[in-house]
Amino acid sequence: MFMIEHIPGKEIIDTKCNALLLSYPTEPGAAPSNVRASPHSTTSIKVEWDSVPKCERNGKITNYIVEVFNSTRDEVGYVNVSSDYRSEVIEDLQEYTNYSVLVYATTAVGEGPPSEYQNTTTHQPGSYKENKTFIA
């Protein structure tokens, strides 16, 4: 039998995990799961993910960071996303270019580990219209 008592200055993170966690929050112990990347337009991609597994959050997730790598130009960019969302459209990218993306979560204490890279390519010019229909 467990007794739960509130300890001032500490947070009960999760009582359903294998162990009762009573501690100060730390950085997440795992990456967001099921990261997906897909073309969105000729100059944008859409990145989606599932949350960090509950027992690995180690506190309240404050935001997600999406890393976008353009291997053609050897450039890396970062986009901060509110913890309220699980997707982001990354804009102002190069047309018909390969991008690798990964996502990691943060708490007030720090960043967790990154997800695996996911690859996608922006649409080729002339293959996509503004009304989001493809030209056959």
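This is a predicted model: local features need pLDDT of at least 70, side-chain atom pairs count only at pLDDT 80 or more; totals for chains, interfaces and linings use all residues.
Local features were taken at pLDDT of at least 70 and side-chain atom pairs at pLDDT 80 or more, whereas totals for chains, interfaces and linings use all residues. Residues are numbered from 1 along each chain as its sequence is written, and side-chain values use heavy atoms, with hydrogens and water left out.

The protein contains 9 strands and 0 helices, assigned as DSSP runs (strands, E, at least two residues; helices, H or I, at least four). Of its 136 residues, 35% are buried, that is, under 20% relative accessible area with a 1.4 Å probe, protein chains only. Among contacts (heavy atoms within 4.5 Å) with a separation of 6 or more, 58% link residues 24 or more positions apart.

The largest nonpolar core comprises 18 residues; such a core is a set of buried Ala, Val, Leu, Ile, Met, Phe, Trp, Tyr and Cys residues joined through side-chain atoms within 4.5 Å. Two or more residues each are given to this core by β3 (33-41), β4 (44-50), β5 (63-70) and β8, and β8 supplies the largest share, 4 residues. I45, one of the residues with the most contacts inside the core, is in contact with residues including I90, L93, Y99 and V101.

T106 lies in strand β8 (residues 98-106) and is buried, with a relative accessible area of 5%. The side chains of T106 and N63 are joined by a polar contact of 2.3 Å, defined as a pair of N or O atoms within 3.5 Å, one able to donate a hydrogen and the other to accept it. Beyond four places in sequence, the contacts of T106 include P28, K60, I65 and E111.

Key: Buried means under 20% relative accessible area, exposed over 50%, partly exposed in between (1.4 Å probe, protein chains only).
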